[in-house]
Amino acid sequence: MKIISMLVLALTVLIAGVVPLFAETEEKTEVERIFSDPATLPQEMREKLDKIIIPNCHFEGANLLSVLRFISGKLKENDPEKHGIEIVYAEEGSGYEMNFRIDMKLQNISGLKLLQSLCRYVNADWFAEDGKLIIYFPEKIIPNPYTLPPQMREKLSKIMVSKKEFEDAPLATIMKYLNDILKENDPEKHGVEIILSEENTEYWQEIRLDVEFVEASGLDTLQSLCQFLKADWLEWGGVLRIRYAPEAYPAPLPDPDDLPEEMRNKLSQITIPKGDFKGITLTMAFKYISDVLKKLDPEKRGVEIALAPEDVDRATEIELDMILEDKPALEVIQSICQLVEADWRAEDGKLIIFFPAEEESALPDPDALPEPMRNKLGTIMIPIFEVKETAFPLFLKRISIELKNNDPEKSGVEIALAAEDMERGMKLKLNMDFKNKSGLEILQPLCQAINANWRAEDEKLIIFFLPDPAPSVKPPETRSE
């Protein structure tokens with residue numbers, strides 16, 4: 001069984017700065033939505049969009065891509081010169097655009113106002129490039145409130161979720177509470193039905209959470225919970241469906257400041273031309289970029305890109321599926337690294353691409369303990385042991401008893417949880433069974449798994465929790481309507 005840790009403290013760290021789910025605030029800060037500004041477009045494009053009148057637009061449940069294609073066609077059809085303006089979605093093929101289901105009905109509206117209304121509807125922005133109008137999302141919000149129908153979004157924003165604390169609760173129990181409270185606090189007593197996606201049933205069943213909800217809107221509460229679970233949402237048939245979507249939370253971009261200034265400047269100044277990286281390995285991609293950098297560098301030196309020796313084999317097994325645009329080499333390499341969850345460093349004048357090792361707590365060091373205690377923990381064998389849903393401090397008490405009972409000298413080793421960690425420890429429930437293991441073999445991997453360490457104190461073995469590591473990817477901020 002997977003227990004998603006632990007604990008209100010861990011959850012608070014993960015979503016700090018996102019929404020006030022686990023900490024009370026007196027005032028909620030509104031974040032302005034980003035609207036498309038006509039002044040950012042070339043005058044000729046702006047005037048053309050303003051002059052072309054589209055007599056009728058009716059969208060019902062249409063996805064963003066089909067809407068943009070429809071508008072492009074109508075702009076050309078209603079342009080006296082029959083040129084129109086091509087509308088392009090910047091990240092076509094990413095799948096993000098398919099999250100939006102658009103309901104709009106407009107008549108006799110200019111192309112400019114129609115596109116502005118659409119961008120406001122989905123919280124997008126625009127820019128002009130090569131005579132085309134490019135629609136993009138300045139910041140992807142996952143899950144995005146603007147992918148929900150306006151009526152559902154408004155209802156979730158208005159209905160408040162009351163304070164409630166859960167300890168080691170199945171996710172299904174938490175979702176039932178949210179459904180019940182949304183219905184109870186809705187003046188119309190309808191609420192919003194929320195379900196967990198069927199395709200992720202096995203994953204959902206493994207999750208147990210310790211959370212403390214504070215008073216916040218249903219929208220903020222659900223968004224924070226989804227962000228913690230790496231989930232997204234989709235409205236279908238009036239129901240809000242929660243689905244596991246770790247791919248929606250991209251890896252961080254490598255930091256240019258990690259590179260020497262000279263290398264960083266060169267990578268920023270040389271543009272990699274458009275190209276097709278479909279079906280080529282990561283190794284081949286970086287070799288190609290290295291060759292282009294050398295060819296286009298006025299000094300003909302470029303920047304050599306190499307895979308870290310320990311990652312060469314892994315890189316040859318990764319095939320890319322992406323189209324290169326005319327962008328600086330720095331941005332191209334960043335995008336590829338983000339896609340494959342790699343990072344970079346400078347070494348001997350080369351740009352080294354490597355895969356960061358998964359961070360793992362170190363095993364507690366037996367040498368940090370007095371020799372007599374270390375010897376007892378390593379030699380006293382516990383023949384059989386099983387616990388179910390046992391709080392961590394009680395588990396340690398059971399281990400102490402077993403060590404004493406199985407010690408020929410009947411002294412054993414007394415084990416206790418640090419006093420400052422007692423509250424947190426009581427919320428951690430363990431399910432374990434093992435046979436013929438020493439105290440050391442039991443406690444070392446357990447401490448590693450729960451990010452804990454040990455120390456000797458007054459002839460006792462004291463277990464204490466280490467600080468929770470900061471999350472590697474900060475969840476996106478919530479926008480409020």
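Which residues have the most contacts inside the largest nonpolar core? They are Leu267, Phe286, Ile289, Ile333, Leu351 and Ile353, and the core has 33 residues. A nonpolar core here is a set of buried Ala, Val, Leu, Ile, Met, Phe, Trp, Tyr and Cys residues joined through side-chain atoms within 4.5 Å. Buried means under 20% relative accessible area, exposed means over 50%, and partly exposed lies in between, with a 1.4 Å probe and protein chains only.

The model is predicted: local features need pLDDT of at least 70, side-chain atom pairs count only at pLDDT 80 or more, and totals for chains, interfaces and linings use all residues. Residues are numbered from 1 along each chain as its sequence is written, and side-chain values use heavy atoms, with hydrogens and water left out.

The core draws two or more residues from each of α9 (261-269), β14 (275-281), α10 (282-296), β15 (305-307), β16 (319-324), α12 (329-340) and β19 (350-354). Its largest share, 7 residues, comes from α12. Helices (H or I, at least four residues) and strands (E, at least two) are DSSP runs, numbered from the N terminus. Not counting residues up to four places away in sequence, Leu351 touches Leu259, Met263, Leu267, Val303, Glu304, Ile305, Ala306, Ile333, Trp344 and Arg345, where contact means heavy atoms within 4.5 Å.

Helix α12 itself has 12 residues and reaches 17 Å from its first C-alpha to its last, close to the 16 Å expected at 1.5 Å a residue. The expected span is 1.5 Å times one less than the number of residues. The buried residues of α12 are Ala329, Leu330, Val332, Ile333, Gln334, Ile336, Cys337 and Val340. An α-helix has 3.6 residues a turn, so residues three or four places apart point the same way. Just after α12, Glu341 takes a positive phi of about 60 degrees.

Helix α8 (residues 218-229) can be read in a similar way. At 1.5 Å a residue its 12 residues should span 16 Å, and its end C-alpha atoms are 16 Å apart, which agrees. Of its 12 residues, 12 are buried, including Leu219, Asp220, Gln223 and Phe228.

Asn108, in strand β3 (residues 102-110), has a phi near 45 degrees and is exposed, with a relative accessible area of 58%. Asn451 sits in the loop between α16 (439-449) and β23 (452-457); its phi is near 60 degrees, and at 14% relative accessibility Asn451 counts as buried.

Arg46, Leu49 and Asp50 of α2 meet Gly111, Leu112 and Leu115 of α4.

Leu112, in helix α4, is buried at 9% relative accessible area. Leu112 and Leu49 are 63 residues apart in sequence, yet their C-alpha atoms are 4.7 Å apart in space. Beyond its neighbours within four places in sequence, Leu112 is in contact with Pro38, Leu41, Arg46, Leu49, Asp50 and Trp126.
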